[in-house]
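Here are my notes on the model, as numbered points. Please read them with the structure open.

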Amino acid sequence: MPKVGIVMGSDSDMPVMAKAAEALDAFGIDYEMRIISAHREPEEFFSYAKEAEEKGYKVIIAGAGKAAHLPGMCAAIFPMPVIGIPMKTSDLGGVDSLYSIVQMPSGVPVATVAINGGQNAGILAAKILATGDNELLQKVKEYAVKQKESVMAKDDKLQKEGYHVFL
Ligand code: RP5
């Protein structure tokens, strides 16, 4: 049973949404990925959001660009956490998406990550699920340790070989 729903407004969002999926894969978390536009197919969207709880989702990661209503509308219907990913856009650079997603009215929160922040959305979903899953919590902790070691190794290389090796 998928624990996370990943939904995007268009296939053009896929490169960013794939980063969320990759993060969930790294933690061994099951998810279902869908392309559903709240604007272009509202009936399909409402069915998706209404059925999400009974499908077993505990978190929805929703990505959208421009007038990005998909995450907020998921949060209006789905009773558990929704993480919104604002897409970078060609005309307004993604600030349009960011403002659309982050400026939710009081009472209907969406946890918004950075513009194109697919990876962080996946990690945040893992952390939310880890609050009730000790095995997953261990994996989240191990991930942080590996990340720290990776930065330390880069600094080590810098100290030994100089900045030229990074250019
Ligand atoms: C939104 O409109 C999608 O999430 C996408 O980011 C944006 C543009 O969609 P396309 O015109 O590329 O299909 O609904």
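1. Two strands count as paired if DSSP finds at least two bridges between them. With that rule, five strands form an open sheet in the order 2-1-3-4-5, and the pairing is parallel. Strand 2 (31–35) and strand 5 (111–112) stand at the edges. Each has a single partner strand, so one side of each is left without a neighbour in the sheet. Keep in mind throughout that this is a predicted model.

2. Overall layout. The protein has six helices and five strands. Along the sequence they follow the pattern β-α-β-α-β-α-β-α-β-α-α. The C-alpha atoms fill a box of roughly 60 × 40 × 30 Å along the principal axes. Of the 167 residues, 37% are buried. Take the contacts between residues at least 6 apart in sequence: 64% of them join residues at least 24 apart.

3. Bridges in the sheet. Strand 1 and strand 2 run parallel and are joined by five bridges. Here Val7 has Arg34 in strand 2 as its bridge partner. Strand 1 also pairs with strand 3, again in the parallel sense and over five bridges. In that pairing Met8 stands opposite Gly63 of strand 3. Strand 3 is joined to strand 4 by five bridges, and these two run parallel. Ile60 stands opposite Val82 in strand 4.

4. Strand 3. How many of the residues of strand 3 are buried? Six of the six are, so the strand is largely enclosed by the rest of the structure. In a regular strand the side chains alternate between the two faces of the sheet. Val59, Ile61 and Gly63 point one way, while Ile60, Ala62 and Ala64 point the other way. All of these are buried.

5. Helix 3. This helix covers residues 70–77. It lies across strand 1, strand 3 and strand 4. Its direction is at about 155° to strand 3.

6. Val110. This residue is in the loop between helix 4 (95–102) and strand 5. Is Val110 buried or exposed? Its relative accessible area is 11%; the cut-off for buried is under 20%, so Val110 counts as buried. Leaving out residues up to four places away in sequence, Val110 touches Pro71, Gly72, Ala75, Val82, Ile83, Gly84, Ile101 and Met104. One of these, Ile83, is 27 residues away along the chain, yet the two C-alpha atoms are separated by 5.7 Å.

7. Ser37. Look next at the loop between strand 2 and helix 2 (42–51), where Ser37 is found. Ser37 is buried, because its relative accessibility is 10%. Its side chain reaches the backbone nitrogen of Arg40 at 2.9 Å. Beyond its neighbours within four places in sequence, Ser37 is in contact with Gly9, Pro42 and Phe45.

8. Helix 5. Residues 118–130 make up this helix, 13 in number. From first C-alpha to last it reaches 19 Å, close to the 18 Å expected at 1.5 Å a residue. Its buried residues are Gly118, Ala121, Gly122, Ile123, Ala125, Ala126, Leu129 and Ala130. They pack against strand 1 (4–8), helix 1 (14–27), strand 3 (59–64), strand 4 (82–86) and helix 6 (134–161).

9. Asn120. This residue is also found in helix 5. Asn120 counts as partly exposed, because its relative accessibility is 48%. Its C-alpha is separated by 25 Å from that of Phe166, 46 residues apart along the chain.

10. Aromatic pairs. A search of the whole structure finds three. One of them is formed by Phe27 and Tyr143 and is tilted: 5.5 Å centre to centre, with 55° between the planes. This pair links distant parts of the chain, as Phe27 is in helix 1 and Tyr143 in helix 6, 116 residues apart. Tyr143, at 25% relative accessibility, counts as partly exposed.

Conventions
Residues numbered from 1 in each chain as written. Predicted model: local features only at pLDDT ≥ 70, side-chain atom pairs only at ≥ 80, totals over all residues. Heavy atoms only, no water. Helix = DSSP H or I, 4+ residues; strand = E, 2+ residues; numbered from the N terminus. Expected span 1.5 Å × (residues − 1). Buried < 20%, exposed > 50% of the residue type's maximum accessible area, 1.4 Å probe, protein only. Contact = heavy atoms within 4.5 Å. Phe/Tyr/Trp six-rings, centres within 6.5 Å; stacked < 30°, edge-to-face > 60°. Axes fitted to C-alpha atoms, helices over the stretch in contact; angles between N-to-C directions. Polar contact = N/O pair within 3.5 Å; in protein donor to acceptor, adjacent residues only side chain to side chain.
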